[in-house]
Amino acid sequence: MIAQNIAFAILALVATLAALRVVTTRNVVHAALYLVVVLASVGALYVLLAAEFVAAVQILIYIGAIVVLFLFGIMLTRATIGVESDLDNDQRWIAAITGLFLLGVLTFVLVESFGDDQLPGLAGVSREELTAQRGTGAVGDAIFSTYLVPFEVISVLLLAALVGAIVLARRD
Amino acid sequence: MPPVFDTPAIDYHAFAPEIAMVVTLVVLLFVDLVFEERGRWATATVAGIGLLASVVPVLSLAVDGADRSLFGGAYVVDNFALVLKALFLVAGYVTVLISTDYIADGDYYEGEYYFMLVSSLLGMTVMASARDLISIFVALEMLSIPAYLLAGWRKRDLRGNEASLKYYLLGVFASAVMLYGMSLVFGVSGSTLLVDINQAISRGVDSVPLVTVGIVFIVVGFAFKVSAVPFHTWAPDTYQGAPTPITAFLSVASKAAGFAALVQIVFIGFLGREDVWAPMFWVLAALTMTVGNLIALRQTNLVRLLAYSSVAQAGFMLAPFAVAADIPADRGGVGAATGAVVTYLLIYAGMNLGAFAVVMAVARKTRSAEISAYGGLFAYAPGLAVLMGVFVFSLAGIPPLAGWYAKFVVFKTLLDAGTVAAVTLAVVAVVNSVIALFYYASVARQMIMEPAPEAETARVRVPGSLGAALGICAVATLAFGAFPGLIAQLGDLALLGVLP
């Protein structure tokens with residue numbers, strides 16, 4: 001357990017520092033790149049929790065698609081790529097206070113509820129048993145049985161979003 | 001050990017309305033693809049027929065009568081779900097009717113417009129049956145994302161862009177807050193099924209702060225969707241900037257879907273935790289009614305007035321939530337609150353869609369939605385003026401129009417609950433009904449008493465489909481008002497389904 005705790009501490013620290021840089025840096029491109037660090041650290045946390053499928057999805061979707069989309073968006077619109085001085089607005093102190101308040105509430109709530117809980121130890125659990133219950137295969141089974149309706153609805157949703165995005169974005 | 005996968009048993013009858021809608025979507029895309037410009041006029045017809053065809057399986061399921069629970073209770077087809085599905089499909093059909101000429105006359109993408117409309121309706125029909133957090137969230141996104149796009153359909157219009165962007169940004173923010181709340185509730189209960197969540201959070205007192213924060217976040221997310229004060233700020237700008245048929249659609253169908261989800265989450269999932277949500281709903285209901293009405297008083301544009309009035313109407317629909325747990329069992333208990341909400345939604349859909357249909361018919365001639373443009377309407381278009389009078393006085397709750405019965409059931413639940421809080425809320429609601437009557441009556445006064453601007457008195461030509469929509473809404477408003485028994489039966493049917 002010691003190794004996992006040390007790994008968690010390192011990842012959490014990296015994620016927090018990078019997250020602070022996302023909002024404090026004066027360069028939009030740097031902010032997007034710091035976001036990559038945050039999201040990758042969260043992905044690594046999922047690996048620590050033995051949720052390898054979620055970790056892979058996190059890397060593929062967030063870093064592979066969303067951050068790349070941000071960067072394309074910055075390049076394709078006429079935003080400044082270098083340092084900008086007017087990136088912060090007047091509401092940053094209100095935002096900071098709200099953020100700290102939310103942090104306080106959520107920390108209290110989560111510590112109060114789960115502070116004494118421990119992850120179940122893995123000693124004596126066979127590899128097969130673990131994969132059958134929690135592995136990628138189990139996620140796949142759930143998607144195509146219990147969560148079949150949401151899965152099918154999402155496929156229609158993607159089609160609708162695609163059609164709508166083309167209508168709004170196309171030049172005519 | 002070879003992997004084992006149990007193929008889920010699928011009841012295709014239960015999914016028939018949704019399958020019919022997906023078929024409609026595919027046909028719409030194909031008509032647009034194959035016939036190109038020549039087939040544009042047909043897309044409205046295809047969408048209308050598709051929606052009416054989707055009502056058929058809803059009726060056959062209702063005749064069959066058996067409650068169907070699929071995927072371990074994640075997807076339930078019961079009377080509550082069927083009544084709401086029928087409401088969404090009919091409201092969608094009326095939206096297609098009022099859109100037909102508006103979209104064909106303007107320079108809009110037609111096939112894609114109806115594709116988006118039916119997609120959003122698909123999300124709503126799924127929402128009516130969704131009894132687990134993931135299904136509810138996916139259904140909410142399914143109904144919202146096409147709606148964000150539709151709000152900005154007038155893409156060369158700055159107000160249209162503002163409407164879409166405000167709705168989108170605040171909408172995804174509310175979704176994120178709600179999703180976080182769902183993750184907290186899932187963390188405590190270990191299940192996404194509403195029934196299991198109810199078992200877990202009403203059983204013990206563990207993790208009270210966590211449950212509280214989870215419930216608050218989820219309710220806030222839906223409060224945005226139903227434009228409850230203080231989460232209503234997007235509504236007036238979006239309603240004014242969006243194409244008028246979409247404004248009607250958002251203020252009726254999208255709001256009804258938000259309430260459908262609230263009823264299921266709160267009355268199935270969070271029953272037994274009314275100490276958390278009852279005071280929240282009390283404050284939301286009182287604020288929503290009062291703020292919505294006070295701002296509506298100052299409006300000079302009829303679409304904005306209807307936007308704020310629809311905010312205020314949402315306050316009346318939130319009121320039964322605040323007192324649901326205090327209604328004694330011999331007066332119907334929580335079921336009575338469900339029945340009141342569903343009854344209000346059904347009646348509100350008819351009268352509000354009707355009011356927007358009149359606005360569109362008049363705007364075809366005057367090119368304006370300012371209230372001052374309605375002067376003299378009674379003199380040169382008496383039919384439209386009388387219909388507008390019917391719809392606004394019904395919204396105000398004047399007997400014998402349907403709106404009075406909607407208000408009556410809400411007051412009845414408040415007084416049946418009988419607690420001090422409930423009676424206070426009833427007093428707030430009475431005061432608000434009086435304020436609302438003032439601005440609804442001022443619209444009628446403008447139509448009858450004031451002269452027409454610039455002596456413009458040519459007749460208003462109402463196209464066939466818009467006329468049909470007006471007819472459907474007027475018949476619903478008058479019939480439900482004269483024979484409230486009809487709607488009461490639907491409301492009673494609906495409450496049978498939800499109760500655990």
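Pro400(B) sits in the loop between α15 (382-396) and α16 (402-417) of chain B, where helices are DSSP runs of H or I with at least four residues and strands are E runs of at least two, numbered from the N terminus. A cis peptide bond, with omega of about 5°, joins Pro399(B) to Pro400(B). This is a predicted model, in which local features need pLDDT of at least 70, side-chain atom pairs count only at pLDDT 80 or more, and totals for chains, interfaces and linings use all residues. Residues are numbered from 1 along each chain as its sequence is written, chains are lettered from A and ligands numbered from 1 in the order in which they are written, and side-chain values use heavy atoms, with hydrogens and water left out.

Another cis peptide bond links Val229(B) and Pro230(B), with omega of about 5°, and Pro230(B) belongs to the loop between α8 (208-225) and α9 (234-241) of chain B. Ser227(B) is also placed in the loop between α8 and α9, and has a positive phi of about 50° although it is not a glycine. Most residues other than glycine have a negative phi, and most peptide bonds are trans. With a relative accessible area of 0%, Ser227(B) is buried (under 20% relative accessible area; exposed is over 50% and partly exposed in between, with a 1.4 Å probe and protein chains only).

In chain A, the axes of helix α2 (residues 28-48) and α3(A) come within 9 Å and cross at roughly 175°, the axes being lines fitted to C-alpha atoms over the stretch in contact, with angles from 0 to 180 degrees between N-to-C directions. α2(A) is therefore roughly antiparallel to α3(A), since angles over 145 degrees count as roughly antiparallel, under 35 as roughly parallel, 65 to 115 as roughly perpendicular and the rest as oblique.
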